[in-house]
Amino acid sequence: MTTPVLVEVWRGDAVESEHQGSLAVVDADGAVVVALGDIDRPVFPRSAVKGLQALPLVESGAADRLQLTDAELALACASHNGEAVHVRTAAGMLAKAGVDAGVLECGAHWPYLDTWSRELAARGERPTALNNNCSGKHSGFVCLACALMGWKDSGIDLRQYVKGYVKPEHPVMREVSEALHSATGFDLSRAPRGTDGCSIPTYGIPLRHLALAFARFGTGVGLRAGQARAAGRLRRAVAAAPYMVGGEGRFDTVAMQRLGARVFCKVGAEGMYCAALPERGLGVAIKIRDGNNARAAEVVMAAAIEALVALQADDAEFMRGWSDVTLRNWNGIEVGALRPTDTLRRTLVTALG
């Protein structure tokens, strides 16, 4: 199957580069509203499914038992910048579970936001696992472990129980994988499996099934009762604290700050993007073939939101600034643009009739 060009990079009045990709928009009953490219080839969704991976944290009762805040639940769904507020929030989640960052198995990297990396370096400090963009998700896994071990106050060492929680056979990962299987309706036992950047398993899942999962996540339709309640709780948390999901300058944050609960969107590595559009009852899943995120996946997601969500003129203009991006050189001179292809725009506009 031919993979269509979804985004063009213009320099002056000519196309300089192109980004191919695939897009699926599906409703909660599984009906395909938009299909561009191969939506049945398994792809690794990477961090785009963090909202689904956080479902057991809420459904298990751990979030309520530990009194996790909106900010903490939003961080459990995040690929954050590693800013001070993200670090403090992840540390707070662990403290509620009675442990510290020493239990995290996501690894350490410098904050995504350069200003915070420079600040750490200026203080002569090195990044810790709390700076990892996945520290919130992993802190959520540790909180989930509290529920899985039966909330025992003695006799079981949580540190020992949590150890190795990133492995597929660990009870924590079994719960997370079951949630992913349940939401997507895709048999993970026959899916390609790899290891994500933060060391947990990642499964190859078709865009059709990822979009279905996010339609379900946005509406509760097709989820068991506990999962549906968990999805609603996570959506409300993210709408209340969108800065925790990304941070300064990040599309996920700015889009949800602007549109609130009308959109739940989440980027993933290697050109992945997923979203729930609750008002429309739709899920969106995107894969950019060359793995490009900021230059391509964001443009496609912005175009999808712009077309599929009923927006007032000012919100539509705001989203157009992300879907049709002016490129400038270091002197501030306009040199080109990032634009969705006419095919993508036309398909999205006609999708809802």
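Across the whole structure, a search finds 16 salt bridges, a salt bridge being a side-chain nitrogen of Lys or Arg within 4 Å of a carboxyl oxygen of Asp or Glu. Please keep in mind that this is a predicted model, in which local features need pLDDT of at least 70 and side-chain atom pairs count only at pLDDT 80 or more, while totals for chains, interfaces and linings use all residues. Residues are numbered from 1 along each chain as its sequence is written, and side-chain values use heavy atoms, with hydrogens and water left out.

Let me begin with Asp100 and Arg159, whose side chains meet in a salt bridge at 2.8 Å, N to O. Asp100 sits in the loop between helix 5 (84–97) and helix 6 (114–122), and Arg159 in helix 8 (residues 158–162), so this pair ties together parts that are 59 residues apart in sequence. Helices here are DSSP runs of H or I with at least four residues, numbered from the N terminus. Asp100 is partly exposed at 40% relative accessibility, and Arg159 is partly exposed too, at 35%; by the cut-offs used, buried means under 20% relative accessible area, exposed over 50%, and partly exposed in between, with a 1.4 Å probe and protein chains only.

The next pair is Arg258 with Asp315, where the closest N and O atoms are 2.7 Å apart. Arg258 belongs to helix 12 (residues 251–259) and Asp315 to helix 14 (residues 313–323), so parts 57 residues apart in sequence are tied together.

In the salt bridge of Arg345 with Glu306, the closest N and O atoms are 3.0 Å apart, and both residues are buried, Arg345 at 17% and Glu306 at 15%. Besides these pairs, Glu59, Glu178 and Arg224 are linked in a network of salt bridges.

Finally, the helix packing. Helix 9 (residues 171–184) and helix 10 (residues 207–219) pack at about 95°, their axes 7 Å apart, the axes being lines fitted to C-alpha atoms over the stretch in contact, with angles from 0 to 180 degrees between N-to-C directions. That makes the two helices roughly perpendicular, a term covering 65 to 115 degrees. Ser182, Ala183 and Thr184 of helix 9 meet residues of helix 10 including His209, Leu212 and Arg216, contact meaning heavy atoms within 4.5 Å.

Terms used: Parallel < 35°, antiparallel > 145°, perpendicular 65-115°, else oblique.
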